[in-house]
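The sequence and structure are shown first.

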Amino acid sequence: MCAALEKLSTNEVGVSIVHRGVGRIAESDVMLASTSNAVIIGFNVRPDNNAKRVAELDGVQIRIYNVIYDVIDEVKMAMGGLLKPVLREETLGEVEIRKIFKIPKVGRIAGSHVTKGLIRRTAKVRIIRDGIVIWDGKIASLRHEKDEAKELKAGMDCGISLEGFQEFNEGDILEVYEVIEEKRTL
């Protein structure tokens with residue numbers, strides 16, 4: 001069983017067996033697991049009463065199994081949860097700034113037209129000027145006519161303000177995108 005668990009290790013996440021033995025799970029096993037920040041895996045064994053008490057006090061998990069494949073599957077799932085997710089960028093659409101409006105106490109608003117795809121209020125945005133990305137950030141406000149909008153599709157006009165940036169110009173292109181986290185598995 002130990003060899004099968006150690007084979008699950010990758011260069012990012014590994015299994016480290018601190019101690020292995022036969023017989024019941026004792027208080028000394030729980031104390032070792034506590035200092036090692038480990039989980040106790042028992043196969044066809046049970047902890048004694050002192051071990052149970054110390055495990056509860058120290059917050060040590062004791063997992064008991066009768067089928068070796070269950071052990072391997074659960075450890076594999078736990079290790080998969082430790083892997084960093086893959087971040088993937090998905091372009092939603094493009095917006096062209098057509099006119100700049102100056103609003104007192106608010107600042108500059110980009111009067112824009114959605115040229116491709118869609119724009120979502122919660123999405124991220126890049127400003128592209130002459131093919132060069134000059135800013136990357138978030139949308140502060142998205143309005144269609146006088147109403148706050150959550151999402152607008154191609155062909156619609158809108159007013160956009162950006163978080164911490166007002167140096168946009170007419171003709172700038174806003175590339176709207178989302179960053180999607182994809183969980184990894186072993």
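## Strand pairing and packing

In β2, F43 has Y65 as its bridge partner. Strands here, like helices, are DSSP runs numbered from the N terminus (E, at least two residues, for strands; H or I, at least four, for helices). The model is predicted, so local features need pLDDT of at least 70 and side-chain atom pairs count only at pLDDT 80 or more, while totals for chains, interfaces and linings use all residues. Residues are numbered from 1 along each chain as its sequence is written, and side-chain values use heavy atoms, with hydrogens and water left out.

**The parallel pair and its crossover**

Strand β1 (residues 40-43) and strand β2 (residues 62-65) run parallel and are joined by four bridges; strands count as paired if DSSP finds at least two bridges between them. Together with helix α3 (residues 49-58), these two strands make a right-handed β-α-β unit. One face of β1, formed by I40 and G42, is covered, whereas the face with I41 and F43 is uncovered.

N37 is placed in the loop between α2 (27-36) and β1, and its phi is near 55°, a positive value in a residue other than glycine. At 73% relative accessibility, N37 is exposed; the classes are buried under 20% relative accessible area, exposed over 50% and partly exposed in between, with a 1.4 Å probe and protein chains only. N44 is in the loop between β1 and α3 and has a positive phi near 60°, again in a residue other than glycine. The loop between β1 and α3 also holds D48. Although D48 and A26 are 22 residues apart along the chain, their C-alpha atoms are separated by 6.0 Å. Not counting residues up to four places away in sequence, D48 touches R24, I25, A26 and E27, where contact means heavy atoms within 4.5 Å.

**The nonpolar cores**

A nonpolar core is a set of buried Ala, Val, Leu, Ile, Met, Phe, Trp, Tyr and Cys residues joined through side-chain atoms within 4.5 Å. The largest such core has 23 residues, and those with the most contacts inside it are I119, L142, I160, L162 and F168. At least two residues of this core come from each of β3 (86-103), β4 (107-120), β5 (124-129), β6 (132-144), β9 (157-162) and β10 (173-182). A second, separate core has nine residues, among them V30, I40, A51 and V60.

Leaving aside neighbours within four places in sequence, I119 is in contact with V95, V114, I139, L142, K150, E151, L152, I160 and V176. S161, a residue of strand β9, counts as buried because its relative accessibility is 13%.

| Strands | Bridges | Bridge partners |
|---|---|---|
| β5 and β6 | six | R129 and I132 |
| β5 and β10 | five | I128 and I173 |

The hairpin of β5 and β6 has two residues between the strands, and D130 takes a positive phi near 55° there. In strand β10, I173 is partly exposed, with a relative accessible area of 25%. Beyond four places in sequence, I173 is in contact with E94, V95, E96, R126, I127 and I128. I173 and D147 are 26 residues apart in sequence and 23 Å apart in space, C-alpha to C-alpha.

**Aromatic rings and charges**

Rings of Phe, Tyr and Trp (its six-membered ring) pair if their centres lie within 6.5 Å; planes under 30 degrees apart count as stacked, over 60 as edge-to-face and the rest as tilted. By this rule there is one aromatic pair. W135 and F165 form this stacked pair, at 5.1 Å centre to centre with 20° between the planes. The two residues are 30 apart, with W135 in strand β6 and F165 in the loop between β9 and β10, so the pair links distant parts of the chain. W135 is buried at a relative accessible area of 14%, and F165 is buried at 13%.

Two charged ends sit over rings, a term that requires NZ of Lys or CZ of Arg within 6 Å of the ring centre and within 35 degrees of the ring normal. That of R108 sits over the ring of F168, 5.3 Å from its centre, and that of R126 over the ring of Y177, 4.0 Å from its centre.

Notes. A crossover is right-handed if, with the strands pointing away from the viewer, the path from the first strand over the helix to the second runs clockwise.
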